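Keep the 3D view open and follow along, going from the overall picture to single residues.

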Amino acid sequence: MIERQMEDLIAQFPNEFFSGHGLVLKGRQQSFAEVGRFDLLFVDSFQTNVLMELKARTAKYEDASQLAKYKDLLIHSGQQN
């Protein structure tokens, strides 16, 4: 399965993959300046942002660094959760 197929399935059926979280799709394939393009952004039942960066391979250290940069940008943009 390629990343695009995983993304399509999770975007369409988030509660089948992550039941009990009440995920609602907020964004998809959006860019953060100078960091990159994230795959999916949801908000859960507690109004917490859940950003997903999907990989069709084993995660690497660089992937965690990329997620940390996304988190920093969300915080700097005024996101509380």
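Of the 81 residues of the protein, 30% count as buried. Please keep in mind that this is a predicted model. Its secondary structure comes to 3 helices and 3 strands, and from the N terminus on the elements run α-α-β-β-β-α.

**Overall dimensions**

- A compact globule with 81 residues would have a radius of gyration near 12 Å, and the protein, with 13 Å, agrees with that.
- Taken along the principal axes, the box filled by the C-alpha atoms is roughly 30 × 30 × 20 Å.
- Among contacts with a separation of 6 or more, 37% come from residues 24 or more positions apart.

- The 3 strands make an open sheet in the order 1-2-3, with antiparallel pairing.
- Strand 1 and strand 3 are the edge strands, each pairing on one side only.
- On average, neighbouring strands of this sheet are turned by 25 degrees against each other, direction ignored.
- Strand 1 (residues 24–32) pairs with strand 2 (residues 36–43) over 7 bridges in the antiparallel sense.
- To trace this pairing on your screen, look for Val-24 opposite Val-43 in strand 2, and for Ser-31 opposite Arg-37 in strand 2.
- These two strands form a hairpin with 3 residues between them, and Glu-34 in the turn has a positive phi of about 65 degrees.

**Helices against the sheet**

- Helix 1 (residues 3–12) lies across strand 1, strand 2 and strand 3, and runs at about 145 degrees to strand 1.
- Helix 3 also packs on the sheet, where it touches strand 1, strand 2 and strand 3. The direction of helix 3 makes about 65 degrees with that of strand 2.

**A closer look at helix 3**

- The 16 residues of helix 3 should span 22 Å at 1.5 Å a residue, and the end C-alpha atoms are 23 Å apart, which agrees.
- Which residues of helix 3 are buried? They are Asp-63, Gln-66, Tyr-70 and Leu-74.
- Seen down the axis of helix 3, the buried residues fall within an arc of 80 degrees, so they line one face of the helix.
- An α-helix has 3.6 residues a turn, so residues three or four places apart point the same way.
- The buried residues of helix 3 pack against strand 1, strand 2 and strand 3 (49–52).
- Tyr-61, Glu-62, Lys-71 and His-76 are exposed on the other side of helix 3.

- Gln-66 lies in helix 3 (residues 61–76). Why does Gln-66 count as buried? Its relative accessibility is 17%, and the cut-off for buried is under 20%.
- Leaving aside neighbours within four places in sequence, Gln-66 is in contact with Val-35, Arg-37, Glu-53 and Lys-55.
- Gln-79 lies in the segment after helix 3. Its relative accessibility is 30%, so Gln-79 counts as partly exposed.
- Not counting residues up to four places away in sequence, Gln-79 touches Lys-26, Asn-49 and Leu-74; Leu-74 is one of the buried residues of helix 3.
- Gln-79 and Ala-56 are 23 residues apart along the chain, and their C-alpha atoms are separated by 28 Å.

Key. Residues are numbered from 1 along each chain as its sequence is written. This is a predicted model: local features need pLDDT of at least 70, side-chain atom pairs count only at pLDDT 80 or more; totals for chains, interfaces and linings use all residues. Side-chain values use heavy atoms; hydrogens and water are left out. Two strands pair if DSSP finds at least two bridges between them. Helices (H or I, at least four residues) and strands (E, at least two) are DSSP runs, numbered from the N terminus. Buried means under 20% relative accessible area, exposed over 50%, partly exposed in between (1.4 Å probe, protein chains only). Contact means heavy atoms within 4.5 Å. The expected span of a helix is 1.5 Å times one less than its number of residues. The arc is that of the directions from the helix axis to the C-beta atoms. Axes are lines fitted to C-alpha atoms, for helices over the stretch in contact, and angles run from 0 to 180 degrees between N-to-C directions. The radius of gyration is taken over C-alpha atoms; the globule rule is 2.2 Å times the number of residues to the power 0.38.
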